[in-house]
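Grab a pencil and work through these exercises with the structure open beside you. Try each task before you read its solution.

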Amino acid sequence: MIFAALQQALDQRAAQGLLRQRRTLETPQSPHIVVDGKPYLSFCSNDYLGLASHPHLVAALQQGAQQWGAGAGAAHLVSGHFAPHHTLEQRLAAFVGKPAALLFSTGFMANLGVVQALVGKGDTVFADKLNHASLNDAMQLSRAELKRYRHNDMAHLAQLLAQETQGRKLVITDAVFSMDGDLAPLPEILALCEQHGAWLLVDDAHGFGVLGAQGRGSLAHFGLASPRIIYMGTLGKAAGVSGAFVAAEQVVIDTLVNAAHSYVYTTASPPALAVALLESLRLIEQGEALREHLQALIVQLRAGLHGLPWQLMPSDTAIQPLLVGENELALELSGGLRERGIWVAAIRPPTVPQGTARLRITLSAAHTAADVNQLIEAVHELAR
Ligand SMILES: *Cc1c(COP(=O)(O)O)cnc(C)c1O
């Protein structure tokens with residue numbers, strides 16, 4: 001068997017409770033999904049505002065396909081850059097308060113492209129230890145020197161920044177940590193960047209659309225504006241569609257257009273997606289009621305999951321992880337919930353550190369208070 005070593009590695013994963021498998025949804029993304037013919041109440045999408053199946057977005061996508069066809073047919077620099085892409089970039093830049101923006105096909109690709117284009121051999125990247133996997137891969141790809149600081153530990157970051165280095169300095173952080181739900185102390189990080197002449201890349205995958213006035217994201221949440229901040233927002237989570245964008249000074253965007261491989265050497269995303277995203281941006285801007293409802297659900301969940309053998313991690317965002325510890329226990333709880341018709345993902349290493357397996361509960365404005373109550377009661381039942 002030529003692939004025996006691969007099978008062995010998979011078997012080993014399975015024995016450790018670490019084998020990953022996909023589940024196939026038979027219904028659109030929403031709190032109520034069907035998997036293997038069975039209905040579930042789901043708490044594991046990143047569709048924070050419930051826009052993924054919103055009729056306005058579906059209509060905009062249909063209209064966009066009517067007008068612009070199904071595919072872009074080329075990379076942006078060849079003949080794949082369409083009017084809706086361009087309009088969307090301008091709207092996104094204005095929305096997050098930056099001079100310019102650039103669309104990427106996914107957040108993963110945006111992160112790879114930005115870091116690879118802006119730093120290289122002889123430069124240094126400073127990164128939070130709990131940053132998203134795409135940022136970790138991005139810095140490896142860049143060939144810059146890597147310095148990782150303990151999660152949100154500003155003293156550690158300051159110490160690393162103070163060390164003698166040559167070349168450019170780039171600090172990289174998630175704004176909302178994807179597996180923990182807590183926020184990076186962006187004002188403190190920016191102050192350190194200013195003090196040490198570093199640039200700051202903020203990955204706002206989980207803040208864009210949700211945090212700040214009108215959902216403008218983490219920079220708005222903290223009231224931060226600085227030319228040294230390079231902002232990355234994704235469009236497949238709260239925005240409900242697909243893709244990502246980087247917003248920054250014009251010279252940074254021009255550099256990415258010329259040097260970010262994951263921008264230059266890939267087919268542009270379908271212009272119809274940009275049409276749908278323009279509608280999504282309108283819904284986000286006018287989505288104060290959705291964000292208030294989401295906030296109320298967060299408060300309700302945290303109050304309801306008090307006094308369990310497991311603790312909710314400190315988080316005020318829609319990401320509410322219940323820290324369980326052991327992989328097997330996390331799987332058991334996730335399985336127990338599933339038997340009760342509730343879908344919550346068990347997150348295990350290497351996505352999170354050893355011994356910190358967790359149920360990653362994510363809330364959406366599409367949930368009702370009754371949905372959240374059902375989850376609370378099921379978790380208490382499992383605890384007994
Ligand atoms: C989801 C995510 C990404 C990747 O974005 P995609 O558009 O899904 O590729 C990047 N960073 C963080 C923090 C994320 O959670």
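**Exercise 1.** Find the salt bridge that the side chains of R358 and D180 make, and work out which elements of domain 1 touch domain 2.

*Solution.* Start with the side chains: R358 and D180 meet in a salt bridge, 3.4 Å from N to O. (The rule asks for a side-chain nitrogen of Lys or Arg within 4 Å of a carboxyl oxygen of Asp or Glu.) Next, look at which elements line the side of domain 1 that touches domain 2: α13 (288–304), β11 (319–325) and β14 (357–362) each supply at least two residues. Helices (H or I, at least four residues) and strands (E, at least two) are DSSP runs, numbered from the N terminus. Of these, α13 gives the most, with 3 residues.

A quick word on the model: it is predicted, with local features needing pLDDT of at least 70 and side-chain atom pairs counting only at pLDDT 80 or more, while totals for chains, interfaces and linings use all residues. Residues are numbered from 1 along each chain as its sequence is written, and side-chain values use heavy atoms, leaving out hydrogens and water.

**Exercise 2.** Describe how domain 1 and domain 2 are laid out and how many residues each gives to the contact.

*Solution.* First, get the bounds: domain 1 is 22–49 + 288–383 and domain 2 is 55–285, as given by an automatic or database domain assignment. Then check the spacing: their C-alpha centres lie 27 Å apart. Now count the contact (heavy atoms within 4.5 Å): 20 residues come from domain 1 and 21 residues from domain 2. Last, the area: the two domains bury about 1,400 Å² between them, 60% of it on carbon and sulfur atoms. Buried area here is the accessible area (1.4 Å probe) that two parts lose on being put together, summed over both.
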